[in-house]
Amino acid sequence: MKLLTLVGRDFLRLKFVTARHLRTSAMKRYQMRSTLGNKDQNDAIDRFSLSNIIRGIEKFAPLNLAESWDNVGLLVEPPSLKQVKRILLTNDLSESVLKEALDENVQLIISYHPLIFRAIKSLRTKDWKENIVGILLENRIALYSPHTAWDCVEGGVNDWLAEAFGKNSSVHPLKKHSDGTMYKIVNALFDSLELANEAVSKMNLIASCSVHSFQETNGKVWLKIYVEDEYRCLPHLCAATKVDINQHKSISSRINAGIGRKVLLQEPITLQTAVSLVKRHLDLSDVAVATVPGEKFENSLVKTIAICAGSGSSVLNGVDADLYLTGEMSHHEVLDTVHKGTHVILTRHSNSERGFLHVAAKDRLKSLLPEMAAKLDFIIFGASGFTGQYTVQELIRISEQKPCTWGVAGRNKEKLNTMLKTVGSRVGKDLSSVEVIVADVNDAQSLEAMASRAKVVINCCGPYRHWGEQVVRACIASGASHVDVSGEPQYMEQMQLEYHDAAQQKGVYIVSACGFDSIPDDLGLVFLQNQFKGDLNAVESYIDGELEGPSTPGARLHYGTYESAIYGVASRNELRSLRQKLYPSRLPKLTPVLKPRGALFKSEVLNKWCLPFLGSDRAVMLRSQRYFYEAEKRRPAQVQTYIAMPSLFSAIGTILFATIFATFCLFSWGRKLLLKVHPKFFTAGYASHEGPSEETMNNTVFSVTLVGKGWEEKAAQPLDAHDGPPTKTMTVKVKGRNPGYGATCTALIMSAFMILNESDKMPAHGGVFPPGAAFAKTSLIAELHKNGLTFDVVA
């Protein structure tokens, strides 16, 4: 099975399995149902209409290329089909394939072989074909069959079979097709898929301009375009780096279209080699071979090969060639052929055709429907998890003001669909058209397929120490950026060490800690530095939170977040050696030195008892400060982070718990107790698999207070010493609600939007960065402020 996705939440699903036309005279137009803001719905209707999709398919293979006996084209057209969002491509439409089409909610089935061949005089459920037609009409599913049009077209099924013998061979139709139209061929080279798609979209409006083939190599894209007048298409190729109009002379528009193919090899090969090439190209373990009497399989030479997909007897009969390659021939036809001096390879009927559907999915239909094959803006991976579902909910809210295209991914399709129904009910939206992608962290191929569909992958699948690297690797390989909400320094710094250069080469951004860990602290420090104006020397950060209203029973933390914290603490011992590799040189020593306060102290800033904050914020902030120093030659700020306690009693209790917790985290038996045996007991009910209630989350408010000290005036050089102690103090407060699953999801999504829309304001041309370094020059702080995560100077 193979997937090819379409624009937005829609996808083109391509599966390889198995009266003449039932059609209505016209289609009704429907408004495109959208949960994603105020997109131009009329454009969407046009782009996804059945007629436009079929027009695109027939640009590749016009129906006049089909054999006269064949039944091709739109075979079933329901009377009130909405715009097409999902397409299933199959070799044959059987009852089992129809069931899958119904399960996948497709609107169009492209069946290579026509279901309807002879006239249908009735529609009865006892006949399987008539029953399928009735179900198609009942469920408003259209049916299209290209069959021999795809056989005859240049770049179609028979040309695909010929590729088994290499692309340097000479290939021509056994019988050429001619429609009498004369065209010129224009080849255009583009530096990116986006530029090529833009050109194709414009040229699709020109009736005399047809994009015939599409090839992507090393990020660059070649288009082959047939035109009646090349100068009509040239203005739309202004973004091309190279344009070549073949010899400036008219040629047949379908110069290599026709029945069958004849291959002339540059050098002869043995029949044994030919069989091996066919098996490898078609991915078959065996084929049937008939040899000419008296010749040996191992050393009989082949130079000319006649090809016909499917059942090739009538097409190949009488063709002069050393070898026939087809799907099937009768016993007597094979016997007659070999006695006339021609070897035969039979692959079985469908085997000679099915593999081309992969090509049609990957190349042909993508190039014909470029906007429909465009990447989604975002894919939320791990969307059925606790954090994932709230990320989906927040994306729906934000997308009302910031339209985008998105999908969800995870390992369990049923859970993803259930999540969409639950969230849709919660927000009053129909999410049935949201694209659902199955991807598993233990299946690298599925991760790359998922990442190839997205511009930015929003990764909600933790603990990232276990599952993060696989997704990062897939994103870089597939050219997608990546954001997550990790609070695990070991994972984040390992990703920077191992993948920064690869991400930079690919032009993608990998940004972790985009949630409550550590956007308020890291961007809060960026905000403080921007407001401070002079030289900021040192910053102390204080995290505080409280529950508004009466306390409600239940957990305050979801088990997944608790699990990530355990592995974060467990991996702290790995950080020293990791940082020695990542940062061979230390940051410069600044004066006066910001010394850490004690393990327990009363803060004059909050008038509360405070403890050192052992989360990831300080590590993340220092990474950003190092970037500013090394890349921008700015003075780095010293940082210490603390967390406020409601009372002295709770502070002492927290110290005791933290001591036990940290000790248990260091040992496998301790982690087992914390995670699998008694998670509620060891956290006094603070963490659970169910997570906090909606009421608890919405009533939890937090603040991060950053107190910065430095000098009014900037020194001549970033590291120059100032005369005297700091002369300026500034306090910044970052405030929000629902830190774990509200503000976190807002920050995560807004971070993804920054990569999508403001990458020109981000460092270099890609790489692995902490959020402060990544988003310092973007509008992220302003966007967060507008969405409830506020940044203010308070003193």
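The exercises below work through salt bridges and one annotated segment in a predicted model.

**Exercise 1. Determine which residue pairs with Glu104 in a salt bridge, and what parts of the chain the pair ties together.**

Step 1. The search of the whole structure returns 24 salt bridges, and among them is the contact between Glu104 and Lys413, whose closest N and O atoms are 2.5 Å apart.

Step 2. Glu104 sits in the loop between helix H3 (95-103) and strand S5 (108-111), while Lys413 belongs to helix H14 (residues 413-427), so the pair ties together parts that are 309 residues apart in sequence.

Step 3. For the surroundings, buried is taken as under 20% relative accessible area and exposed as over 50%, with partly exposed in between. Glu104, with a relative accessible area of 8%, is therefore buried, whereas Lys413, with 27%, is partly exposed.

**Exercise 2. Describe the salt bridge between Lys402 and Glu783, and name the network in which these residues take part.**

Step 1. The closest N and O atoms of Lys402 and Glu783 are 3.7 Å apart, and because a salt bridge requires a side-chain nitrogen of Lys or Arg within 4 Å of a carboxyl oxygen of Asp or Glu, the contact qualifies.

Step 2. Lys402 is located in the loop between helix H13 (386-399) and strand S21 (406-410), and Glu783 in helix H28 (residues 780-786), which makes this a link between distant parts of the chain, 381 residues apart.

Step 3. Lys402 is partly exposed at a relative accessible area of 23%, while Glu783, at 11%, counts as buried.

**Exercise 3. Locate Asp535 and Lys714, and decide for each whether the residue is buried or exposed.**

Step 1. The side chains of Asp535 and Lys714 meet in a salt bridge, with an N to O distance of 3.8 Å.

Step 2. Asp535 lies in strand S26 (residues 535-547) and Lys714 in the loop between strand S32 (700-711) and strand S33 (728-737), so this pair joins parts that are 179 residues apart in sequence.

Step 3. Asp535 counts as buried at 5% relative accessibility, whereas Lys714 counts as exposed at 57%.

Step 4. Returning to the network asked for in Exercise 2, salt bridges that share partners join Lys402, Glu783 and Lys786 into one network.

**Exercise 4. State what the model shows over residues 648-670.**

Step 1. The unreviewed UniProt entry places the feature "transmembrane region" at residues 648-670.

Step 2. Over these residues the chain is 91% helix and 0% strand, and the end C-alpha atoms are 28 Å apart.

Technical notes: Residues are numbered from 1 along each chain as its sequence is written. This is a predicted model: local features need pLDDT of at least 70, side-chain atom pairs count only at pLDDT 80 or more; totals for chains, interfaces and linings use all residues. Side-chain values use heavy atoms; hydrogens and water are left out. Helices (H or I, at least four residues) and strands (E, at least two) are DSSP runs, numbered from the N terminus. Buried means under 20% relative accessible area, exposed over 50%, partly exposed in between (1.4 Å probe, protein chains only). UniProt positions are given in the numbering used here, feature names are shortened, and annotations may be inferred rather than shown by experiment.
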